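Please take a moment to look over the structure shown below before reading on. The paragraphs after it are meant to be read with the model in view.

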Amino acid sequence: FRMGSEPAVPGHSPDEAPAHEVAIAGPFLVGMLAVTFADWESCVAGGGCKSNPNPDDKGWGRGTRPVINVSWRDAQEYLSWLSAKTGKPYRLLSEAEREFIMRATPPPVPPRRGNKGTIAADTGPPDAFGLLLSIGNVWEWTQDCWNGTYSGAPVDGSAWLTGDCSKRVVRGGSWESKTEELRPAFRNAATDTDRDDRIGFRIARPLE
């Protein structure tokens with residue numbers, strides 16, 4: 001797929017350039033939902049996620065709501081716990097994979113809710129990949145370090161692990177995003193220690 005955008009595209013930002021072809025090296029599995037509060041609580045109960053055992057839900061609800069106020073580093077603790085529990089190599093999506101799932105079959109975008117917070121992660125309908133709410137509920141952490149352009153970016157779909165690695169790319173927009181931030185090419189980043197009510201994450205692993 002073609003990643004990024006051309007300058008003539010409405011809403012284009014310089015960090016979306018240069019647009020470039022990406023050929024993802026191999027098949028991968030993606031969580032149907034963003035990781036939920038219930039998932040996070042299972043991690044805590046199982047002895048993981050010790051750095052942030054009780055993320056603030058802002059009063060919006062827990063259960064099947066996407067877990068929020070978890071940093072990139074917190075997400076790595078969850079992934080380590082899940083990988084150890086299952087024996088499977090769970091990870092975050094790369095930025096390229098994240099754009100691919102938005103571009104290949106654009107999912108339904110949840111209606112703007114007047115900046116009133118998240119909705120349940122299992123809200124449908126699914127996109128053609130079977131994924132729910134991959135756009136517009138919470139920004140989702142990716143594995144990639146932040147780079148201000150795509151010059152030198154991997155073209156095989158792998159995570160870009162050089163650049164400003166104190167910041168990590170987030171993708172997909174959130175409950176408070178403007179329409180232009182919900183474009184598949186739109187990029188954003190946050191410091192890897194940030195715990196924000198607009199940011200959650202989704203898991204992935206190679207297809208065996």
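Predicted model: local features only at pLDDT ≥ 70, side-chain atom pairs only at ≥ 80, totals over all residues.

Residues are numbered from 1 along each chain as its sequence is written, and side-chain values use heavy atoms, with hydrogens and water left out.

The protein has three helices and nine strands, where helices (H or I, at least four residues) and strands (E, at least two residues) are DSSP runs numbered from the N terminus. Read from the N terminus on, these elements follow the order β-β-β-α-α-β-α-β-β-β-β-β. The radius of gyration of the protein, 16 Å, is close to the 17 Å that the globule rule gives for 208 residues, so the protein is as compact as a globular protein of that length; this radius is taken over C-alpha atoms, and the rule is 2.2 Å times the number of residues to the power 0.38. Along its principal axes, the C-alpha trace spans about 50 × 40 × 30 Å. Buried residues, meaning those under 20% relative accessible area with a 1.4 Å probe and protein chains only, make up 50% of the 208 residues. If we take the contacts (heavy atoms within 4.5 Å) between residues at least 6 apart in sequence, 72% of them join residues at least 24 apart.

How are the strands joined? Strands of a sheet pair through backbone hydrogen bonds, either parallel or antiparallel, and here two strands are said to pair if DSSP finds at least two bridges between them. Three strands form an open sheet in the order β3-β9-β4, with antiparallel pairing. Because β3 (28-30) and β4 (91-92) stand at the edges, each with a single partner strand, one side of each is left without a neighbour in the sheet. Three bridges join β3 to β9 (residues 203-206), and L29 stands opposite R205 in β9.

Another set of pairings involves β6 (residues 164-171), which is joined by four bridges to β5 (residues 139-146), the two running antiparallel. Within this pair, C145 stands opposite R168 in β6. Four bridges also join β6 to β7 (residues 188-191), again antiparallel, and here V169 stands opposite A189 in β7.

Where is space left inside the protein? On a 1 Å grid over the protein atoms alone, a cavity is a set of points where a 1.4 Å probe fits but cannot get out, a pocket is an open set with protein on both sides within 12 Å along at least five of seven lines, and lining residues have an atom within 4 Å of a point. Grid points are joined across faces, edges and corners, and a volume is the space filled by probe spheres set on the points. The count comes to two cavities of 30 Å³ or more. The largest cavity has a volume of about 70 Å³, and its lining includes M3, H20, D144 and W160. The second largest cavity has a volume of about 40 Å³, with L33, P66 and R202 among its lining residues. The largest pocket holds about 160 Å³ of space; it is lined by 15 residues, of which R91, S94, E97, G157 and S158 lie nearest its centre.
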